[in-house]
Amino acid sequence: MSAYIITFTISTLLFYAASTLGDAKQRWFVLFLAILPVAVVAGVRDDCIGTDVMVYGKDCFLDVYQSRWYSEIDLYWMIRMEPGYLLLNYLVSRFTDSYNVFFGILMALQMFFVMKTLLVFKNRMPVWIALVVYYLSYYNISLNQMRQSLACAIVLYACTFAYKRKLLPFLMTVAFACAFHVSAFVAFAIYPLFILFRNTRSYKLMWSMVAMGIIASLLVQKSIDVVLAALGLNAVFAHYFKDSTHGFFVTKFLISLPIPMLFFIYRKKFFRKETVYLAFSLVVMVVSTQARELIGNDAERIMTYFLITQIFALPFICAHLSKVKQRVVGIFGIAYYFAYWYYMFIYNGFQETYPYSSYILKQWL
């Protein structure tokens, strides 16, 4: 546990320093230093940290390393893996045979998009808090769901273009995300949602859309294979929408409520057009805790593209409170996310990333 806490702390402090620098070259250098610790921890981890490492991460890289040309990569991986992920494997394997180096670069690329997104709002809120929320909510997940976590980070960056109403850059960025995980195609819906929510002040609309989405998903659950076939998608992706399994859905529902409730309590103080999507992401965060039970096994993963912007909720709230309230809410907010992180990833072992172990680190130390 200490490996994660120390890494998060060092990275956050460096990111905070980077966000305060006016010189672009100095800022990006310090940003590189902020990315380095989390990338190293991800890179040197043992094979047992994160299920997907053994499912595809290690074998895919080693097989690609054996390929002389990209076109010679085994057909099995060509069919199973997205082209962007395979290409990244191929490029890294040209100068190293270590899959640990690849995992480190993969995490570095993910954190680059996350931090680049946060810097867009550095003058509007304490973005270092958003980074803490991201680490406590998504970092351990990204050690397992490697491809989708990178896709989510890219989609998060695409949201900055939706926020600025820049359609073409948004579409290109989401398309880039799809190159790492096909499920990112659902993120194309984010832009019209941004436009829709900027033209309304109604929370009822958000609740209605979420309710209609759940109802629609339940109605098509039994015929999802037909729907996917009509869309031209391989039936292999059907498991993202059905095959429901039980999980921590009651507990997760209860522990997802504090931040949305806090946002709702202070809604009159800072509710405005550009924050409606943020409120929507908090609603999706609560609903997603029931996704596995109501919709399907991996439905919660699909909804991540819409709820990941919730990392801005706590820093946004803090930015619009008095200094005294800001410190109180900030401390309790971070404590809440830390408790969530401990309960999910340490106590319950969610994503199989604890206890952390690294043979490479032991050799170094």
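Predicted model: local features only at pLDDT ≥ 70, side-chain atom pairs only at ≥ 80, totals over all residues.
**Surface**

**Ground rules**

I noted that residues are numbered from 1 along each chain as its sequence is written, and that side-chain values use heavy atoms, with hydrogens and water left out. Local features need pLDDT of at least 70 and side-chain atom pairs count only at pLDDT 80 or more, while totals for chains, interfaces and linings use all residues.

**Whole chain**

I looked up the helices and strands (DSSP runs numbered from the N terminus: H or I, at least four residues, for helices; E, at least two, for strands). The protein chain has 21 helices and zero strands.

Next I checked burial (buried is under 20% relative accessible area, exposed over 50%, partly exposed in between, with a 1.4 Å probe and protein chains only). Buried residues make up 52% of the 365 residues.

**Core**

Which residues touch the most other members of the largest nonpolar core? I found Met111 and Tyr139, out of 117 residues in that core. Helix H8 (residues 146-163) gives the largest share, 13 residues. A nonpolar core here is a set of buried Ala, Val, Leu, Ile, Met, Phe, Trp, Tyr and Cys residues joined through side-chain atoms within 4.5 Å.

I then listed contacts (heavy atoms within 4.5 Å). Not counting residues up to four places away in sequence, Met111 touches Ile35, Val38, Leu131, Tyr134 and Tyr135.

**Helix H10**

I picked helix H10 (residues 190-198) and found Ile190, Tyr191, Leu193, Phe194 and Phe197 buried. They sit on the same side of H10, because they cover an arc of only 160° around the axis. The arc is that of the directions from the helix axis to the C-beta atoms.

**H7 and H20**

How do helix H7 (residues 127-142) and helix H20 (residues 323-347) cross? Their axes come within 9 Å and cross at roughly 10°, so I call H7 and H20 roughly parallel (angles under 35 degrees). Among the residues that meet are Trp128 and Tyr135 in H7, and Tyr337 and Trp341 in H20.

**Tyr65**

Last, I went to Tyr65 in helix H3 (residues 51-66). Tyr65 counts as partly exposed because its relative accessibility is 34%. Not counting residues up to four places away in sequence, Tyr65 touches Ser93, Arg94, Thr96 and Asp97.

Definitions and conventions:
Axes fitted to C-alpha atoms, helices over the stretch in contact; angles between N-to-C directions. Parallel < 35°, antiparallel > 145°, perpendicular 65-115°, else oblique.
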